Amino acid sequence: MRRLLIVALLASTAAAPPSDPAHAPAEHGPAAAEHSAETATAPAPAAEGRVELPPFAAVLAQMPTITDSHGWPALTEEEAWDAIVRATPEQRQLARWNYAGSLIHRGMGAEALSVLETMVSDDEDLALAAPFQLATGAAMVTIGHYKDAVQALSLPELEQNAEACAWRVRALAGTGDTAAAGRQINCAVPAINGRTPQERKPFTLAAARGAIALGQGKPVIAWLKLFGEQDAQANLLRGKALLASGDPAEGLFRLSRAELSGTPDVQAEAKLARIEGELKLHRIDPKEGIKQLEALRYGWRGDLVEQGALRLEYQLAQAENDHRSALRSAATLFRYFRPDNDSAAMLKQIQGWLAEMLAPDSGTPLPEAAGLYWDYKELAPAGAEGDALALRLAARLEDAGLYPRAAELLQYQLIQRRQDVAQGPLSVKVATLFILSGDPVKALDTLRASEQPSYSDAMRFDRKRIEAVALYKLGREAAAMAALDGVPGGAGVRSEIHWRTRNWGSFVTENEATLPAPGALTPPAQAIVLRQAVALAMLNQEAKLQALRTRYASAFKPLPSAQAFDLLTQPAQAIDPARISKAMAAIPAASPTGMIGDLLDVTTG
């Protein structure tokens with residue numbers, strides 16, 4: 001609320017001062033009415049109550065550089081506001097700048113940011129000025145926006161600026177990059193030492209973290225003499241420094257004191273440091289360490305403490321060759337913390353473990369393998385390698401008849417593909433699995449969601465065939481037929497559908513186009529001919545039936561299905577219904593359309 005009020009007040013000061021003729025007291029009476037009539041048609045100002053201010057970025061850049069805490073204006077709230085109210089348009093940005101600096105000097109970062117945002121809204125070039133970025137970074141640090149602060153303080157002009165280095169120490173320590181913070185200490189020392197003891201405290205604590213990260217624990221003990229023996233934060237860092245400098249007993253004692261008297265966040269950090277110290281000293285074994293870390297994370301979520309606990313858990317599980325535990329810790333790290341420094345190596349390692357555990361010959365039971373993949377799917381490899389891993393597992397699920405699980409697994413992989421052309425074959429596979437699951441609606445949804453113009457003709461035709469099957473399963477026979485228009489082999493699929501719906505006339509028309517040439521006949525080719533015979537018989541088309549007999553009699557003679565062909569194509573007066581039924585049963589089960597025929601037979605749930 002305070003920040004919004006400051007922004008509103010600062011913006012309102014952009015109006016011209018009361019002495020401005022445009023803000024003279026309003027006239028009354030006839031003269032006023034006449035004046036109003038004359039000016040009624042005058043255009044309204046572009047931004048009522050707001051004056052365009054002269055550029056200030058170059059002026060600010062030429063001002064004396066702020067190199068320590070004394071460079072920030074030391075104004076009271078009353079003095080700062082009085083200067084802003086009295087400022088002319090030419091002086092207003094300077095008055096705002098002095099107010100922002102005084103707020104930073106007093107540690108009021110949120111309020112300072114409000115002023116700086118108002119300034120830059122009137123002059124975008126201010127973002128290019130090093131002093132402005134220094135102020136922005138300092139304000140960001142005080143409100144805990146450490147990553148934004150590091151970015152603001154990264155201008156080359158601020159690289160060797162002691163005041164900027166001091167704020168960078170705090171910003172980098174806040175992000176968890178304590179080693180980088182430690183490398184800024186030499187540059188920051190003059191600006192830190194120039195502050196009062198109370199002002200120095202957060203900078204000293206951040207510098208202590210940086211020095212500890214660089215293995216320089218001994219100087220930290222001297223720095224922390226600034227704080228009393230009862231200060232929990234100081235004891236936390238004393239404990240870490242003593243452990244780093246080779247005094248484990250005193251270090252663990254200091255950490256215990258911090259655990260006892262610190263704020264909850266200090267207690268959590270001290271507990272993590274103690275566990276880490278006891279592991280290094282072999283006072284507890286890795287399994288006990290993991291147990292204590294899990295207990296710590298159970299009661300403490302978020303921030304650098306949980307991130308540090310997860311990293312330590314991962315390292316311990318890796319040393320113990322416990323891939324399951326390592327995967328669990330790594331997955332949480334990637335989901336919530338996105339580790340930067342060693343993320344590539346960690347991700348490669350856990351992807352290798354995941355591939356090993358999901359391999360068909362790994363010995364991992366199928367339900368457990370499916371659960372592992374689903375729990376850690378975002379860690380699986382991308383691209384073709386990830387597809388291969390998912391497809392192998394999906395094939396195992398499919399072989400076990402677990403079609404819905406296989407479909408969901410590959411659907412996730414399909415979604416990750418976005419507009420990749422590899423979506424084509426994957427979409428066909430996923431839609432097929434949904435049909436096998438008895439869910440043609442999801443099959444259609446999958447095909448429509450993965451539609452894109454870059455597919456080859458062959459891929460478009462494959463997708464159309466599956467679409468036709470799904471439409472047929474939904475009872476939309478006309479739409480299924482329309483989907484097959486222009487699709488190579490579409491006549492075979494259409495005849496397959498007509499065969500199942502006993503639409504004999506349409507079947508004969510479509511199936512005739514697929515009749516094989518006389519000669520050696522495969523089981524699917526035999527089925528095509530025998531089905532044609534059945535349909536012609538049902539339609540009483542005797543002439544066509546006898547032509548079929550003449551054409552294929554010699555081809556069927558050596559085949560097991562010869563008797564069925566003979567019975568189906570005999571002249572009508574010789575037909576025995578019982579023998580016809582037996583002949584139909586002898587038609588080869590192999591569908592002429594292969595997998596499509598199998599999908600058409602699936603029962604819809």
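This is a predicted model: local features need pLDDT of at least 70, side-chain atom pairs count only at pLDDT 80 or more; totals for chains, interfaces and linings use all residues.
**Pockets**

- A pocket here is an open set of points on a 1 Å grid over the protein atoms alone, where a 1.4 Å probe fits, with protein on both sides within 12 Å along at least five of seven lines; lining residues have an atom within 4 Å of a point.
- The largest pocket holds about 2,000 Å³ of space, a volume being the space filled by probe spheres set on the points.
- Helices (DSSP runs of H or I, at least four residues, numbered from the N terminus) that each supply at least two residues of that lining include α9, α12 (197-213) and α18 (303-319).
- Its lining comprises 25 nonpolar, eleven polar and 14 charged residues, where Asp, Glu, Lys and Arg count as charged, Ala, Val, Leu, Ile, Met, Phe, Trp, Tyr, Cys and Pro as nonpolar, and the others as polar.
- The second largest pocket has a volume of about 210 Å³, and among its 13 lining residues Ile104, His105, Gly107, Trp167 and Phe203 lie nearest the centre.

**Nonpolar cores**

- A nonpolar core is a set of buried (under 20% relative accessible area, 1.4 Å probe, protein chains only) Ala, Val, Leu, Ile, Met, Phe, Trp, Tyr and Cys residues joined through side-chain atoms within 4.5 Å.
- The largest core has 63 residues, and Trp72, Trp97, Met119, Phe132, Leu134 and Trp167 touch the most other members.
- Helix α9 (residues 162-175) contributes the most to this core, nine residues.
- Apart from this core lies another, of 62 residues, including Ala326, Leu366, Leu444 and Ala480.
- Beyond its neighbours within four places in sequence, Leu134 is in contact (heavy atoms within 4.5 Å) with residues including Ile66, Trp72 and Trp167.

**Disulfide**

- The structure holds one disulfide, defined as a pair of cysteine sulfur atoms within 2.5 Å.
- Cys165 and Cys187 form this bond, with their sulfur atoms 2.0 Å apart.
- The pair joins distant parts of the chain, helix α9 and helix α11 (residues 185-193), 22 residues apart.
- The S-S torsion of Cys165 and Cys187 is about 75°, so the disulfide is right-handed.
- Cys165 and Cys187 are both buried.

Note on methods
Residues are numbered from 1 along each chain as its sequence is written. Side-chain values use heavy atoms; hydrogens and water are left out. Buried means under 20% relative accessible area, exposed over 50%, partly exposed in between (1.4 Å probe, protein chains only).
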